[in-house]
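Student: I would like to go through how the terms for surfaces and interfaces are applied. Please set each value against its definition.

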Amino acid sequence: MSATSVSIPEPDAPVILSARRMAWLRFRANPVALIGAFMVITVLLCAAFAPWIAPYPDHAGNVIDFANRHAAPSSEHWAGADKVGRDILSRVIFGFRVSLLLVVGVLGVAVPVGAALGLCAGYFGGRTEFLITGFTNVMLAIPPLIMALAVGSVLSPTLINAMIAIAMLWWTWHARLVYRVAKSVAAEDFVEAARLAGATHWHILTKEILPNCIAVISVKTTLDAAFVILFGATLSFLGLGVRPPTPDLGSMVADGRQFLPEMWWGVLTPALGIFYATLGFNLLGDGLRDMFDVEV
Amino acid sequence: MHSTFLEFLLRRIVGFAAVLLVLSLMIFLLARVVPGDPARMAMGPAASEEQVQDLREEMGLEDPLPTQYIRFLSGAVHGDFGTSLISGRPVTDEIMRVLPATLELVLVTLLLMVVVGLPLGMMAARHRNGWVDTVLRLLSMVGVTMPAFLVAILLQLFAAYYLSDWPLLGRIDRDLTVPDGPTGLLIIDGLLSGQFAVVLSALQHLAFPALALALSGIGQIMRITRSAMIENLRRDHVQTLRSFGVPDRVVTFRYLLKLSSVAPLTILGLEFASLIGNAFVVEMVFVWGGFASHGLESIMQNDLNAVMAVVMVSGMFFVLANLVIDIAIGALDPRLRLKEGR
């Protein structure tokens, strides 16, 4: 009561930083993480504003410009032109859209599914734990690219099927990770206290345990984004990706490969595009890992 | 103690059998729910409806699904995956024909990963936070982020410009006769029959594909070895040895190395899955003509029986590799086999 009326500020109160602020300071002090964040943001901007950024927005589609067939890099086409004279730089910028779409599609399914299973296994224990961890370990052992190839061949090779195939196996890593954290958190006193206070399982899972898993999930998801981009590029390089003329980094590399070594620009620019995006997400993920100080 | 190690191995084997069982069920269901009709695919569009129906009965496609699955599974256990829908020959024969090429590539790649990755990791740990460490960490980052197909293409491009005489496609020079050896591995068969030209040519052909395939693994192993070395250096018994004046060389090679090679070995087992996957890409770029090239071909042609066999054989290799690694880790670290065995 009296505290509200007598509100004299303490003269030398120690500066207490919130955990969030501390984490941000640590992130800001890490140049690698900042570079990673910058790279990721540029990729996101490129994808979002591709029609305005790309020098030849219509070249994302079925355009044929035979005069510029295999044009070398010049002031007109900064990264050269492909086998039907389309501007390669424009297509790479649009290609980020497909890559990021794949990332959102795969991780949008895999992360929630994996996290939910990991949470349940770690919290409930007993038979639930045995079943979920057993199934996860079995699924972890399946080589993902082979499975994706098989799914792509059995169903038709489209972007959606590639997403399904990758998501089918990707949740396992998140399940394992979240399980590890959830199991140790579930043994803490505050969880016991919540249970004694009569909290429901749902409340404990979502309000008590899940917040403690957010750090590992976000680090893993960022690192995963790089792997999904790489994975998608590999699939479409093998011919199991999007259909032409949709610009896609992996199939651009495959197209350009036929004209090596003379027309090296057909391969080099999309290759750099893939490398830039994956490196960006990797650096950002490493930075986040240092910032949250978690093991992934 | 011996029995606990056996128990540990037995547990792993049961676990791996479960992996193969689930894999077989998944690929079987996948292959049976497809809209296309395998019999129609095998006969081609010219065949009449009766002919296709006859083949369906002959292939057992009219039986209930569980019966079909049991038949597929018992065939798979005996190494029989039926006949290819495209060529009509037994799938297993075709796989056995191309398997040695991939086996040779994968073995050389694994060797390269360990022989290059482990010493580099040790070097980085020794000079940690110095410029050697920084350069090596950057390199490992690049190795991990570069997709294998890009590495393969860039290596090819590099060789085409700077090593114009270096052979880039296939396993061996065309004008050399392939020795008819027992293993099918060109290096070993060449050595056995004393044809050193074959060995040399095979090694030359292997160099770039193996490097392309090994790069990401080298990066991973380097990173893991580095952190394991640094962590183990802090251990009490290592500190004691150092304070007694045991030379650094002895500490590193006799005590630290053994302790620090468990973690990279574990990674090698996980890495094996992506190794099999990347082999598909690298074999395609270097026209290797191995198991992965064959698998890709069957996938592109929708040869369902062959696709099922390719998936199962890849899964089997992954499981076998991990079993070998588990045994190796058990041999290196007695604590592990005792703990797991209980």
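Predicted model: local features only at pLDDT ≥ 70, side-chain atom pairs only at ≥ 80, totals over all residues.

Tutor: Residues are numbered from 1 along each chain as its sequence is written, and side-chain values use heavy atoms, with hydrogens and water left out.

Student: Why is B:L163 called partly exposed?

Tutor: Buried means under 20% relative accessible area and exposed over 50%, with partly exposed in between (1.4 Å probe, protein chains only). B:L163 has a relative accessible area of 32%, so B:L163 is partly exposed. B:L163 is found in the loop between α7 and α8 (186–192) of chain B.

Student: Which residues make the nonpolar surface patch?

Tutor: A:W264, A:L268, A:L272, B:F158, B:Y161, B:Y162 and B:L163 make a patch of about 730 Å². Patch residues have over 30% relative accessible area and no salt bridge, and nonpolar side chains (Val, Leu, Ile, Met, Phe, Trp, Tyr) are joined within 5 Å. α7(B) gives the most, with 3 residues.

Student: How large is the area buried between chain B and chain A?

Tutor: Buried area is the accessible area (1.4 Å probe) that two parts lose on being put together, summed over both. Here that is about 3,600 Å², and carbon and sulfur atoms give 85% of this area.

Student: How many salt bridges are counted between chain B and chain A?

Tutor: A salt bridge needs a side-chain nitrogen of Lys or Arg within 4 Å of a carboxyl oxygen of Asp or Glu. The count between chain B and chain A is 0.

Methods: Chains lettered and ligands numbered in written order. Patch = residues over 30% accessible without salt bridge, like charges linked within 9 Å, V, L, I, M, F, W, Y side chains within 5 Å. Areas by Shrake-Rupley, 256 points an atom, 1.4 Å probe, with all protein chains shown as cover. Helix = DSSP H or I, 4+ residues; strand = E, 2+ residues; numbered from the N terminus.
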